[in-house]
Amino acid sequence: MKKVSVVILNWNGAEMLRAFLPSVVKFTNNEVAEVCVADNGSTDNSVDVVRNEFPSVRLIAFAENYGFAEGYNRVMEFLDTEYVVLLNSDVEVTENWIEPILAFMEANPDVAACQPKILAYKDKARFEYAGAAGGYIDKYGYPFCRGRIFDAVETDDGQYDVPAEVFWASGAAMFVRRALYMEAGGLDSRFFAHMEEIDLCWRFLSRGYRLMCIPASKVYHVGGATLKKENPKKTYLNFRNNLLMMYKNFSSDELNGVMRVRCALDLLAVMFYLLKLDMANAKAVINARRDYLAMRDEFKKDREENLKLTVNRKIKYRYDFSIILKCKLLGKTTYSQLLE
């Protein structure tokens, strides 16, 4: 039986499939892995493209669009492999991309999830914004990566070519143990989009598992295919979901203090957008905080469950500094500078 299911979630992305699925089919070793397209109720010709142009690819067709998180949650019910790769439809993979991560996870049963080194498809010498060489968060819940701090994206000069433990693995190309994914509850579909993979990774870490970036595996990601950076909807989802994620996962000792600081920092973000005369993004941050407060009680049981199952209360790679202070005020723009 095959060990791995590579699953591409698709919605009205026929041309994206034509562009990127060939590399996945070509470079995925079919002795150990199957390639699947899970179609989220597309209204274009995506299903026909998969059936007619990629006959070796397994098609799982849903009657409606379940979105990113719930789509992947439902896909798990159709699979029987030990490992699943959540792969964005705009990712070009390379030769030998499966084997290094599979070998590492086979040898390390305490590793719940991994990601490859993620480079930019449009500038292959540089890291890609959404994941780079593995993700972390700071004291106040802001995510960043080896290779990308806010908008400062590094050139790949081999500086992150050693395997490293990370706080979160990118949902653009996440290798995960299927049983642990389901045991942890999968991706939170209420997030709709953004931060859901970090939330899942936080659960893995708090329950005693490790997460890794294995740079011997390399992929190229287009990124921003759904919502462009500075899109007010993206701003809204990032701020709202970040607050919900912290509420779900922070210990009782830390939560109130962190949230007070975040309230002040979010106010600064509103002022920053107003100074740029960017009313749409200023309003997005305000609406995100409003809706977080309105939704918080809905996540109370999730918080109680997470805290009850927590065995690792001090996660090493949630760094005890403010990324805003280090980056915006002290001028640190690379991961190595942050650690100085």
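Two strands pair if DSSP finds at least two bridges between them. Helices (H or I, at least four residues) and strands (E, at least two) are themselves DSSP runs, numbered from the N terminus. This is a predicted model, in which local features need pLDDT of at least 70, side-chain atom pairs count only at pLDDT 80 or more, and totals for chains, interfaces and linings use all residues. Residues are numbered from 1 along each chain as its sequence is written, and side-chain values use heavy atoms, with hydrogens and water left out.

Start with strand β13, residues 210-221. Strand β11 (residues 164-165) pairs with β13 in the antiparallel sense over two bridges. Here Ala164 has Cys213 of β13 as its bridge partner. Strand β5 (residues 91-93) also runs antiparallel to β13, and three bridges join them. Val93 stands opposite Val219 of β13. Strand β6 (residues 111-120) pairs with β13 in the parallel sense, over eight bridges. There, Val111 stands opposite Arg210 of β13.

How many of the 12 residues of β13 are buried? Nine are, so the strand is mostly covered. Buried means under 20% relative accessible area, exposed means over 50%, and partly exposed lies in between (1.4 Å probe, protein chains only).

Helix α4 spans residues 99-107, and its buried residues are Pro100, Ile101, Leu102 and Met105. Their cover includes β1 (4-10), β4 (83-87), β6, β12 (173-177) and β13.

Now move to strand β2, residues 33-40. Eight of its eight residues are buried. Both faces are covered. One side carries Ala33, Val35, Val37 and Asp39, and the other carries Glu34, Cys36, Ala38 and Asn40.

β2 has parallel pairings with β1 and β3. With β1, β2 pairs over seven bridges in the parallel sense. Val7 has Cys36 of β2 as its bridge partner. With strand β3 (residues 58-62), β2 pairs over five bridges, again in the parallel sense. Val37 stands opposite Leu59 of β3, and Asn40 has Phe62 of β3 as its bridge partner.

β1, helix α1 (residues 14-27) and β2 make a right-handed β-α-β unit. β2, helix α2 (residues 46-53) and β3 make a right-handed unit too. A crossover is right-handed if, with the strands pointing away from the viewer, the path from the first strand over the helix to the second runs clockwise.

Next, look at how helices pack. Two packed helices are described by the angle between their axes and the distance between the axes. Axes are lines fitted to C-alpha atoms, for helices over the stretch in contact, and angles run from 0 to 180 degrees between N-to-C directions. Helices α7 and α8 pack at an angle of about 170°, with their axes 11 Å apart. That makes α7 roughly antiparallel to α8. Angles under 35 degrees count as roughly parallel, over 145 as roughly antiparallel, 65 to 115 as roughly perpendicular and the rest as oblique.

Which residues meet between α7 and α8? From α7 come Thr235, Phe239, Asn242, Leu243, Met246 and Tyr247. From α8 come Leu255, Val258, Met259, Arg262, Asp266, Ala269 and Tyr273. Contact means heavy atoms within 4.5 Å. By class, this contact has nine nonpolar, two polar and two charged residues. Ala, Val, Leu, Ile, Met, Phe, Trp, Tyr, Cys and Pro count as nonpolar, Asp, Glu, Lys and Arg as charged, and the others, Gly among them, as polar.

Helix α7 (residues 232-249) also meets helix α10 (residues 300-309). Their axes come within 7 Å and cross at roughly 45°. α7 and α10 are therefore oblique to each other. Tyr247, Lys248 and Asn249 of α7 touch Lys300, Asp302, Arg303, Asn306 and Leu307 of α10. These residues divide into two nonpolar, two polar and four charged.

Finally, turn to single residues. Leu200 sits in helix α6, residues 196-206. At 0% relative accessibility, Leu200 counts as buried. Leu200 touches Tyr181, Ala184, Gly186 and Leu187, not counting residues up to four places away in sequence.

Most residues other than glycine have a negative phi. Phe150 has a positive phi, near 50°. Phe150 lies in the loop between β9 (148-149) and β10 (152-153), and is partly exposed at 22% relative accessible area. Leu277 also has a positive phi, about 60°. Leu277 lies in the loop between α8 (252-275) and α9 (279-295), and is exposed at 66%.
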